[in-house]
Amino acid sequence: MHILFAGGGTAGHINPALAIAGYIKDKEPDTKISYIGTATNLEARLVPAAGYDFYTIDVVGFKRKLSLKGIVHNGVAVKKAVTASLKARKLLKEIKPDIVVGTGGYVSGPVLREAAKLGIKTAIHEQNAFPGITTKALANNVDRVMLAMPEAEKHMKLSGKPYAVGNPVRKELTEISKEKAREMLGLDGRPLILSFGGSLGARPINEAVVGLIKHHNGSGKYYHIHATGKSGYESTKKSIEEKCGKLANEITIREYIDNMNVCMAAADLVICRAGAITLSELCICGKASILIPSPYVAENHQFHNAMTLKKKNAAQVLEEKDLSEVSLIETVEKLLADKNTVEKMGKNALKHSIPDSNERIYLILKDLYSQK
């Protein structure tokens with residue numbers, strides 16, 4: 001079996017493809033994996049590092065704001081879309097995959113469309129509750145539509161019933177108990193708050209968390225691990241020094257959390273963005289959370305993601321426009337004042353998880369392969 005993946009731009013599109021590919025290779029080592037992405041985005045580094053054949057097309061997304069700059073950009077995007085389709089068709093004829101799987105991002109558009117025209121079996125995997133433009137455009141033309149969140153179906157025109165498969169998550173997140181993780185971190189019975197805004201960081205989250213840390217620094221009530229992200233480490237560290245002085249031993253500030261499996265397992269409450277993979281990780285770990293959706297992403301999809309958990313009483317949602325030191329402190333204090341509330345939210349999150357996501361996707365692709 002030869003599977004070609006197409007997707008990129010952000011880790012949210014790339015990591016699911018790599019997780020699926022890795023699972024399939026574990027199940028069937030003789031499976032060949034190839035990948036089409038762009039030469040300038042994150043996939044150009046991550047895919048070759050994973051050991052898979054990597055091919056590129058030159059394509060860019062369209063701007064929605066009709067400014068002069070946007071109009072010029074869209075003119076270039078139209079030209080690149082045409083040449084990308086031609087390049088994708090040529091690559092597909094050379095690579096000869098049995099199945100093409102799109103995981104989102106504008107790069108997947110021309111590859112999936114040309115594969116369908118060539119009669120190659122096709123599938124797409126949508127990670128978010130509100131599907132992206134490319135996924136919505138392709139949904140009625142592919143053989144299988146796989147959804148991480150069933151809420152996405154109402155936003156798509158489909159020729160058949162989609163498959164609920166969840167999002168693939170790192171298996172190490174499920175391999176450690178809360179008790180073991182807390183022992184590894186040297187924690188006692190006090191609650192642990194885990195907060196982060198992503199690998200690059202999120203300035204509004206960092207600023208609000210500084211206020212939260214100042215509020216409970218020295219109180220001895222909680223443990224707190226906060227990751228600032230690469231771009232916010234120095235400024236956040238300086239702000240904490242100015243506003244908080246010496247930090248209590250219970251509080252740890254890092255640029256990046258490299259043992260996320262341990263910290264996530266040990267946490268009682270998580271404060272973070274609402275990216276699709278992050279939410280799937282929260283669910284599979286059974287964690288209560290305060291979600292602060294990024295308002296800067298396409299289709300405001302993080303807000304829709306966050307609301308899926310809020311509606312199931314698995315998370316509190318604090319929009320960035322309402323985020324402040326005061327609002328974050330109030331939300332945290334209210335939740336941690338009642339241990340039963342946090343535990344119930346965590347259990348509700350766990351009920352929302354799909355722990356066998358990789359297996360579900362694998363079986364769907366195997367079925368497609370059998371229909372060649």
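Two strands are taken to pair if DSSP finds at least two bridges between them. Helices (H or I, at least four residues) and strands (E, at least two) are DSSP runs, numbered from the N terminus. The structure is a predicted model, in which local features need pLDDT of at least 70 and side-chain atom pairs count only at pLDDT 80 or more, while totals for chains, interfaces and linings use all residues. Residues are numbered from 1 along each chain as its sequence is written, and side-chain values use heavy atoms, with hydrogens and water left out.

In strand S12, isoleucine 290 is the bridge partner of isoleucine 271. Strand S11 (residues 269-272) and S12 run parallel and are joined by 4 bridges. Strand S12 (residues 288-291) is covered on both faces, with Ala288 and Ile290 buried on one side and Ser289 and Leu291 buried on the other. Here buried denotes under 20% relative accessible area, exposed over 50%, and partly exposed in between (1.4 Å probe, protein chains only).

The protein contains 14 helices and 13 strands. Its radius of gyration is 22 Å, close to the 21 Å that the globule rule gives for 372 residues, so the protein is as compact as a globular protein of that length. The radius is taken over C-alpha atoms, and the rule is 2.2 Å times the number of residues to the power 0.38. Along the principal axes, the C-alpha atoms fill a box of roughly 65 × 50 × 35 Å. Of the 372 residues, 52% are buried. The accessible surface comes to about 17400 Å², and carbon and sulfur atoms hold 52% of that area; accessible areas come from the Shrake-Rupley method with a 1.4 Å probe, and for residues only the protein chains shown count as cover. Among contacts (heavy atoms within 4.5 Å) with a separation of 6 or more, 66% link residues 24 or more positions apart.

An open sheet is formed by 7 strands in the order S3-S2-S1-S4-S5-S6-S7, with parallel pairing. Its edge strands, S3 (53-56) and S7 (163-164), each pair on one side only. Strand S2 (residues 32-37) is joined to S3 by 4 bridges, the two running parallel, and glycine 37 stands opposite threonine 56 in S3. Helix H1 packs on the sheet, where it touches strand S1 (2-6), S2 and strand S5 (121-126), and its direction makes about 170 degrees with that of S2. For such angles, axes are lines fitted to C-alpha atoms, for helices over the stretch in contact, and values run from 0 to 180 degrees between N-to-C directions.

Helix H1 has 17 residues and reaches 24 Å from its first C-alpha to its last, close to the 24 Å expected at 1.5 Å a residue; the expected span is 1.5 Å times one less than the number of residues. Its buried residues are His13, Ile14, Pro16, Ala17, Leu18, Ile20, Ala21 and Ile24. The elements covering them include S1, S2, S5 and helices H2 (43-49), H10 (276-285) and H14 (357-370). Within H1 (residues 11-27) lies proline 16, which is buried with a relative accessible area of 1%. Leaving aside residues up to four places away in sequence, proline 16 touches Ala11, His125, Gln127, Pro168 and Ile277.

Helix H4 (residues 108-117) is mostly covered, as 7 of its 10 residues are buried. These are Ser108, Gly109, Pro110, Val111, Leu112, Glu114 and Ala115. Just after H4, glycine 119 adopts a positive phi of about 80 degrees.
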